[in-house]
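Trainee: I would like to work through this model one question at a time. Please show the sequence and structure before we start.

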Amino acid sequence: KQLKEETGGKYSIDTEVYHLDVEKGLCVMTAKVAGMFPLEKGEWSRTATAHGDCDQKNGGMVKDHYVRMAETRAVARALRMILGVGKTAEEELAR
């Protein structure tokens, strides 16, 4: 399944299931972010693609929602890349 979210014409976020193993409770998602982003020297057209995973071991208290957490992690990584944020998002940390 693929999800495309348009956000006021400024950028889009596309996510797709890269790998899903229901028996093992494992999901790997791909997120693609594209659009115009404010940077130090004005707006720039940029794109970024990232993967995020989640399974029963690294999902913490949301391990039953491993597909959504994998998507959240993938989107967080793609946004960090496109915006040049050097810190890891809290959602990316295994608990």
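Trainee: Is Leu20 buried, partly exposed or exposed?

Mentor: The model is a predicted one. Leu20 lies in strand 2, residues 11-21. Buried would need under 20% relative accessible area and exposed over 50%. Because its relative accessibility is 41%, Leu20 counts as partly exposed.

Trainee: Which residues form a nonpolar patch on the surface with Leu20?

Mentor: Patch members need over 30% relative accessible area, and Leu20 has 41%. The patch has about 300 Å² of accessible area together, and besides Leu20 its members are Val17, Val22 and Val67.

Trainee: In what order do the elements of the protein chain run from the N terminus?

Mentor: The protein chain has four strands and one helix. Strand 2 covers residues 11-21, and helix 1 covers residues 66-83. From the N terminus on, the order is β-β-β-β-α.

Trainee: Which element supplies the largest share of the largest nonpolar core?

Mentor: That core has 15 residues, and those touching the most other members are Cys27, Met29, Ala31, Val33, Cys54, Ala70 and Ala78. Strand 3 (26-39), strand 4 (42-54) and helix 1 each supply at least two residues of this core. The largest share, seven residues, comes from helix 1.

Trainee: Which residues does Cys27 touch, leaving out those up to four places away in sequence?

Mentor: Cys27 is one of the core residues that touch the most other members. Its contacts include Leu20 and Val67, which both belong to the surface patch.

Trainee: Is Arg68 buried or exposed?

Mentor: Arg68 lies in helix 1, residues 66-83. Exposed means over 50% relative accessible area. Since the value for Arg68 is 53%, this residue is exposed.

Trainee: What percentage of the residues in the protein chain is buried?

Mentor: The protein chain exposes about 6,400 Å², of which carbon and sulfur atoms supply 53%. Buried residues are those under 20% relative accessible area. Of the 95 residues in the protein chain, the buried share is 34%.

Key: Residues are numbered from 1 along each chain as its sequence is written. This is a predicted model: local features need pLDDT of at least 70, side-chain atom pairs count only at pLDDT 80 or more; totals for chains, interfaces and linings use all residues. Side-chain values use heavy atoms; hydrogens and water are left out. Buried means under 20% relative accessible area, exposed over 50%, partly exposed in between (1.4 Å probe, protein chains only). Accessible areas come from the Shrake-Rupley method with a 1.4 Å probe; for residues, only the protein chains shown count as cover. Patches are made of residues with over 30% relative accessible area and no salt bridge: like charges are joined within 9 Å, nonpolar side chains (Val, Leu, Ile, Met, Phe, Trp, Tyr) within 5 Å. A salt bridge is a side-chain nitrogen of Lys or Arg within 4 Å of a carboxyl oxygen of Asp or Glu. A nonpolar core is a set of buried Ala, Val, Leu, Ile, Met, Phe, Trp, Tyr and Cys residues joined through side-chain atoms within 4.5 Å. Contact means heavy atoms within 4.5 Å.
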